[in-house]
Each structure stands twice: as C-alpha cells, then as structure tokens.
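Me: Hi! I have a chain open on my screen and would like to talk it through with you. Could you have a look with me?

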Amino acid sequence: MRYGLNSSLVDGVAHYRVLPLGISPLPSEIELLFEEYSQVDRALDVLESDHQSVEQARALLETYRDSLDARISGKRDE
C-alpha cells in the first residue's frame, strides 16, 4: 500500500497526517471532532497540580474528552 502526506497550518502550527492513497480520508465532521479531542487531551497533559481548581478543571476536561471519544466512535460505526 502507498501513503501520502497531508499537511495543514492551524493557528501557526503545522499539522501532518499520513493517509493511505486511494482511500478517502475521514469525513470532515469526524476529523474536526478528533482534532478537538486531541487538543483536550494535550491540555490534560499540561494540567498538573494538586490545587483544587486544577483538579476540577481536569475532571471537566476528562468528561468532555470522554464525550468526544464516544461521539467519534459513534460516527465511525455509522
């Protein structure tokens, strides 16, 4: 199988994806959900503290990330 490299620039940050050639990419709605999921996951990696407000923020972000994951999984099954 052959692969191609796709790139895009979002807010000054380059994003790269390797996709199989001849196979259509994920539908744009799923792609957007996955990008949002990735951003929330990166934010969770940064939030490290025992402070109560940080712990509350992490809990909210984890819940949101899990809901995005469920939406992405549901869209893929359609």
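Me: What share of the contacts with a separation of 6 or more comes from residues 24 or more positions apart?
Reply: That share is 33% in this chain. Keep in mind that we are looking at a predicted model.

Me: Okay, and how many helices and strands are there?
Reply: The chain has two helices and two strands. Starting at the N terminus, their order is β-β-α-α.

Me: How much of the chain is buried?
Reply: Of the 78 residues, 13% are buried. The accessible surface of the chain is about 6,100 Å², and carbon and sulfur atoms hold 53% of that.

Me: Which residues make a nonpolar patch on the surface?
Reply: Leu5, Tyr16 and Val18 do, and together they have about 370 Å² of accessible area.

Me: Where does Leu5 sit?
Reply: Leu5 belongs to strand β1, which covers residues 3–10.

Me: Why does Leu5 count as exposed?
Reply: Because its relative accessibility is 59%, and the cut-off for exposed is over 50%.

Me: New topic: salt bridges. How many are there?
Reply: Four of them in the structure. One is between Arg65 and Asp41, with 2.9 Å from N to O. That pair ties together distant parts of the chain, as Arg65 is in helix α2 (residues 52–77) and Asp41 is in helix α1, 24 residues apart.

Me: Are those two residues buried or exposed?
Reply: They fall into two classes. Arg65 is buried, since its relative accessible area is 18% and buried means under 20%. Asp41 is partly exposed at 26%.

Me: Which residues are linked with them in a network?
Reply: Asp66 is part of it: a network of salt bridges links Asp41, Arg65 and Asp66.

Me: What about Arg58, which side chain does it meet in a salt bridge?
Reply: Arg58 meets Glu62, at 3.2 Å from N to O. About one helical turn separates Arg58 from Glu62, because they are four residues apart in helix α2.

Me: How accessible are Arg58 and Glu62?
Reply: Both count as partly exposed: Arg58 has a relative accessibility of 23%, and Glu62 has a relative accessible area of 29%.

Me: And Glu35, what is its salt bridge partner?
Reply: Arg42 is the partner, and the closest N and O atoms of the two are 3.7 Å apart. Glu35 is partly exposed, at 28% relative accessibility. Arg42 is partly exposed too, with a relative accessible area of 44%.

Me: Let's switch to aromatics. How many aromatic pairs does the structure hold?
Reply: There is one aromatic pair. Phe34 and Tyr37 form it, and their rings are stacked, with 6.2 Å from centre to centre and 15° between the planes.

Me: Why do you give both a distance and an angle?
Reply: Because an aromatic pair is described by how far apart the ring centres are and by the angle of the planes. Here the planes are 15° apart, and under 30 degrees counts as stacked.

Me: Got it. Where in the chain are Phe34 and Tyr37?
Reply: Both are in helix α1, residues 28–46. They are three residues apart, which is about one turn of the helix.

Me: Last one: how accessible is Phe34?
Reply: Phe34 is partly exposed, because its relative accessibility is 42%.

Terms used:
Residues numbered from 1 in each chain as written. Predicted model: local features only at pLDDT ≥ 70, side-chain atom pairs only at ≥ 80, totals over all residues. Heavy atoms only, no water. Phe/Tyr/Trp six-rings, centres within 6.5 Å; stacked < 30°, edge-to-face > 60°. Buried < 20%, exposed > 50% of the residue type's maximum accessible area, 1.4 Å probe, protein only. Salt bridge = Lys/Arg side-chain N within 4 Å of Asp/Glu carboxyl O. Contact = heavy atoms within 4.5 Å. Areas by Shrake-Rupley, 256 points an atom, 1.4 Å probe, with all protein chains shown as cover. Patch = residues over 30% accessible without salt bridge, like charges linked within 9 Å, V, L, I, M, F, W, Y side chains within 5 Å.
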